[in-house]
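Please keep the sequence and the 3D view open while reading.

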Amino acid sequence: MAFPSQEHQPFAHLSAPNAAFYREILRAFARAKERFIVHLRPEDVAAELRRDNDDALAQALDKLREWGNLRADADTGRVTSVEDFHRKRYLFQLTHAGQAAEQAISFYEDAIGKRGALQSVALGDIAEQLQSLVILARDADPDPARAHLLLLSLSDRFSSLADNAQAFMASLRRAIDFSDGDVAGFIAYKERLIDYINRFIADLANSGARIATLLSELDRFDHDRLLRLAARREAADAVPDEEETAEAYVRAEEAAFASWSNRWRGLRDWFVSTGAGRPSQARLLRQAAITAIKQLIDTVGLLNERRSGRSDRSADFRALARWFAEAPDEAAAHRLWRAAFGLTPSRHLTVTAATLEEWHEVDAGVPWSEAPPIRISPQLRRTGSYERRGKPNKVADRSQARRLLVEQAEREASETAAARAALRTDGPVLLSELNGLDPRAFRLFLGLLGDALAARRPGETEVKTVSADGSMEIRLTLVPHGGKVEIHTEDGVLTGPEHVIEITDLTAGP
């Protein structure tokens, strides 16, 4: 591997006094290269920068040549006399080191300034490309070129989705952390942002379930066969080394196949969960988005409290600092310190297991005077310390408890999925037709109904909303003169006006 020589310093211009001017010149050369223009004369650079071709530009070009960013070749194309031949006239172009430095700086600036986006369109594109791969995998002899192009497009779209989602969540956290700048602007921005995140959560739940189904279907059709076809096409372009061509081809194919297998594993881990202990990245992203919405709402509530003059911790500390500054003497400051922070010695009692067992059987309404006493070790009164001497206790093995928690989480997830399936309606139905719901499905229905009624504005008769976790969509329409209806369940009877209701499970496959 070749390294640039020590005399090349393509990043030196970043710390030079005229760094901004040097960056403008190098960007002009980079834009020219994008237009397939290799050489630029000084007057071309001046025209690109919309400035005069003066000595400052000539000195900057010469300095960039010294640092190794540019290469200067004699310009003999427009020589018409001997005087022109002896005059210094140069054609400038980016060197390999200068071009590499421009690419690195451009990548850094894009990464730092990138706000990211939640690409709902990319989810649909990924699902469509996976659907095309499923159709291709069903063929006994799939087309290698088509399989390779589909995998390349899928990899590019998925990489863009993952990178943009990561950048967006990072920028969202920064927006929440630094929300004190423009309060009014942040509050107005919050409404649009929450609506934007809610739409993505719904799309992620819907498209994510479809993508997971397609990935499982591709596993049944042996997706490794398609990855192997793509690896063979990439290995065909590999440059052979000094070893035998056949061996070099085999090595290139195995390396390409390993790369494709790793990318496929990342795609599967992004959309397919492997039990409660390893949720998919899509589910984690959805949870992070829901948490971000809650943080946005909490932040706006805090900002509104500050704007309305309500007390908070920062205001309390400022008032306390003012009291310290206004203290008449040092003794008063010490008294204020003791009153504010209470830094006095205390003895913390330790409740024993026996006391907890006695308290477990005592009703909450029993007075303290009639409740079992707190049993304190005599050592605490005698020494002021409850530390035990001798060998420390063994670390408790909680693997059984963790396993029980995982089993409980999986059981609750399956029960919730069954409740969603029971609530899902095949089109619009009347509210009075929803009798016979089990308790879990009924509680889930009450939550959906509460979300819909909270989203409906005064005067409206129809509303469509998504549940807080993005798993269910409900459409509710008031029936004019529909009267009162009753829904009988094990938990009781729900009474209310007649509505047309449509519930869609967004996590169900297509």
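The model is predicted, so local features need pLDDT of at least 70 and side-chain atom pairs count only at pLDDT 80 or more, while totals for chains, interfaces and linings use all residues. Residues are numbered from 1 along each chain as its sequence is written, and side-chain values use heavy atoms, with hydrogens and water left out.

**Aromatic pairs**

There are seven aromatic pairs in the structure. Rings of Phe, Tyr and Trp (its six-membered ring) pair if their centres lie within 6.5 Å; planes under 30 degrees apart count as stacked, over 60 as edge-to-face and the rest as tilted. Two of the pairs are set out here.

| Pair | Centre to centre | Angle between planes | Class |
|---|---|---|---|
| Tyr22 and Trp67 | 5.2 Å | 85 degrees | edge-to-face |
| Trp337 and Phe341 | 4.6 Å | 45 degrees | tilted |

The pair of Tyr22 and Trp67 links distant parts of the chain, 45 residues apart: Tyr22 belongs to helix α1 (residues 19-34) and Trp67 to helix α3 (residues 55-67). Helices (H or I, at least four residues) and strands (E, at least two) are DSSP runs, numbered from the N terminus. Tyr22 and Trp67 are both buried. Buried means under 20% relative accessible area, exposed over 50% and partly exposed in between (1.4 Å probe, protein chains only).

Trp337 and Phe341 are four residues apart in helix α13 (residues 330-341), and are therefore separated by about one helical turn. Trp337 is partly exposed, with a relative accessible area of 40%; Phe341 is also partly exposed, at 36%.

Elsewhere, one aromatic cluster is formed by Phe158, Trp270 and Phe271.

**Charges over rings**

A charge sits over a ring if NZ of Lys or CZ of Arg is within 6 Å of the ring centre and within 35 degrees of the ring normal. Arg228 lies over the face of Phe257, 3.9 Å from the ring centre. Arg263 has its charged end over the ring of Trp260, at 3.8 Å from the centre.

**A nonpolar patch**

Which residues make the nonpolar surface patch of about 320 Å²? They are Phe317, Trp337 and Phe341. In a patch, like charges are joined within 9 Å and nonpolar side chains (Val, Leu, Ile, Met, Phe, Trp, Tyr) within 5 Å.

**The sheet**

Four strands form an open sheet in the order β3-β8-β5-β4, with antiparallel pairing. β3 (429-430) and β4 stand at the edges with a single partner strand each, so one side of each has no neighbour in the sheet. Two strands pair if DSSP finds at least two bridges between them.

β3 pairs with strand β8 (residues 499-505) in the antiparallel sense over two bridges, and Leu430 stands opposite Val500 in β8.

The bridge partner of Thr465 in β5 is Ile474.

**A buried helix residue**

Phe200 lies in helix α8 (residues 183-220) and is buried, with a relative accessible area of 3%. The C-alpha atoms of Phe200 and Val121 are separated by 9.6 Å, and these residues are 79 residues apart along the chain.

Notes
Patch = residues over 30% accessible without salt bridge, like charges linked within 9 Å, V, L, I, M, F, W, Y side chains within 5 Å. Areas by Shrake-Rupley, 256 points an atom, 1.4 Å probe, with all protein chains shown as cover. Salt bridge = Lys/Arg side-chain N within 4 Å of Asp/Glu carboxyl O.
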